Structure formats: C-alpha cells, structure tokens
Amino acid sequence: MKTVSEVDALASAAHAGQTDKIGVPYVEHVRAVAAGLAPFGDELVMAGLLHDVVEDTDWTAERLRAEGVPPRVVATVEAVTNQPGVPYEERIRRIAGDRDATLVKISDNAHNSRADRAARLPEEKRVRLAVKYRAARDVLWAAADDRDVEAIVTVVNPSLLAELEERRERRRASRRHA
C-alpha cells in the first residue's frame with residue numbers, strides 16, 4: 001500500500017505540466033485540498049491528492065489500484081470523478097451520499113471558492129462559479145457534520161467560516177420557530 005508521500009509524488013507526476021484556471025501549477029490545488037482533509041486520516045489525504053487524477057490525467061482507477069493505492073482511496077476518487085453526461089448538480093447530490101466523497105468535495109469546493117483565486121478570473125466566470133459553488137456547498141454541507149466542515153474550511157478557506165456560521169444561525173432560528 002502507498003504512503004501519503006508516495007501518493008503525493010504520484011499526484012505531482014500525474015499533474016506535471018498542468019496548470020489550473022488561474023495559471024498556478026495544478027498540484028498546488030490538490031495539495032491544498034489534501035491539507036484540509038488531514039484531520040480525517042491518511043486515506044482521505046490521499047484521496048484529496050488524487051481527487052482529479054482520473055478526471056484530468058491518463059491515470060485510471062484500475063491503474064491506481066495496481067499501483068497499491070488503498071481501495072478506500074480509489075473508491076473515493078471514483079465517487080468525485082466527473083462522469084460524462086451527468087449534470088454537476090446531480091453529481092453533487094450523488095457525492096453527498098458518500099461521507100468520504102463529501103469531505104473531499106467540501107475541501108475541493110472550499111479551495112476553488114477562495115477569493116484570492118477567484119479574483120484572477122474574468123468577472124463573468126467568477127460570478128458564474130461563485131453561484132455554482134455556493135449551491136454545491138448547500139448540498140454538501142447539509143450532508144456533513146458542521147464540525148467536519150469547520151475543520152476543513154479553517155485550513156482551506158477560512159473566509160467560509162462566516163457562511164458556515166450564518167447557516168448554523170438559520171438552523172437555530174428555524175428550530176426556535178418550529
């Protein structure tokens with residue numbers, strides 16, 4: 001079985017030469033996602049490192065398994081990988097049914113939602129993605145424990161803590177009025 005450092009090296013090699021939407025080496029994104037998953041153990045850190053490898057490289061789930069990536073990690077990567085023809089909203093709902101996939105996607109969403117990253121996108125794209133990511137958070141956060149969400153966003157995107165607190169306040173208010 002692979003170690004976290006071996007999986008990090010695999011992710012780095014797999015994403016070599018790739019950049020994200022703002023021109024940053026792609027491996028920085030997967031490492032940021034993985035950092036948010038550290039409180040949940042090595043296998044989720046590995047899943048964070050590999051969360052886009054099947055989607056964005058020539059690596060397959062079968063190849064990951066053959067290389068000794070733990071089965072739970074590969075299953076989580078498969079759960080968060082885009083499937084052709086599946087709309088984003090449906091994919092988010094499916095992910096929300098799997099705890100590990102939900103935590104990985106929360107971390108991915110938190111990193112993609114960072115204001116410093118979004119600021120480097122064209123205005124139209126920034127607005128469109130902000131709406132998309134906020135809608136995804138509504139589904140993903142509802143599927144996770146608030147403490148888990150807080151642990152992730154504290155590391156990956158602390159600016160989301162205010163949104164999390166607003167969500168908690170709305171829930172408390174609705175319970176008081178129920």
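**Entry 1: α11 and α12**

I started with helix α11 (residues 146–156) and helix α12 (residues 161–176) in this predicted model. Their axes come within 10 Å and cross at roughly 165°. Angles over 145 degrees count as roughly antiparallel, so I noted α11 and α12 as roughly antiparallel to each other. I logged their crossing as left-handed. From α11, the contact takes in Asp146, Arg147, Val149, Glu150, Val153 and Thr154. From α12, Leu161, Leu164, Arg167, Arg168 and Arg171 take part. I sorted the contact residues by class and got 6 charged, 4 nonpolar and 1 polar.

**Entry 2: α7**

Next I looked up which residues of helix α7 (residues 88–95) are buried. They are Tyr88, Arg91, Ile92 and Ile95. I then looked down the axis of α7: the buried residues fall within an arc of 100°, so they line one face of the helix. The face turned away from that buried side carries Glu89 and Arg93, both exposed. What covers the buried residues of α7? The cover includes α6 (71–80), α8 (99–112) and α10 (123–142).

**Entry 3: α3 and α6**

I followed α6 to helix α3 (residues 42–50). The axes of α3 and α6 come within 9 Å and cross at roughly 40°. I therefore put α3 and α6 down as oblique to each other. Their crossing is right-handed. On the α3 side, I found Glu43, Leu44, Met46, Ala47 and Leu50 in the contact. On the α6 side, I found Arg72, Val73, Thr76 and Val77. By class, this contact of α3 with α6 has 6 nonpolar, 2 charged and 1 polar residues.

How values were computed:
Residues are numbered from 1 along each chain as its sequence is written. This is a predicted model: local features need pLDDT of at least 70, side-chain atom pairs count only at pLDDT 80 or more; totals for chains, interfaces and linings use all residues. Side-chain values use heavy atoms; hydrogens and water are left out. Axes are lines fitted to C-alpha atoms, for helices over the stretch in contact, and angles run from 0 to 180 degrees between N-to-C directions. Helices (H or I, at least four residues) and strands (E, at least two) are DSSP runs, numbered from the N terminus. Angles under 35 degrees count as roughly parallel, over 145 as roughly antiparallel, 65 to 115 as roughly perpendicular and the rest as oblique. A crossing is left-handed if the near helix is turned anticlockwise from the far one by less than a right angle, and right-handed if clockwise. Contact means heavy atoms within 4.5 Å. Ala, Val, Leu, Ile, Met, Phe, Trp, Tyr, Cys and Pro count as nonpolar, Asp, Glu, Lys and Arg as charged, and the others, Gly among them, as polar. Buried means under 20% relative accessible area, exposed over 50%, partly exposed in between (1.4 Å probe, protein chains only). The arc is that of the directions from the helix axis to the C-beta atoms.
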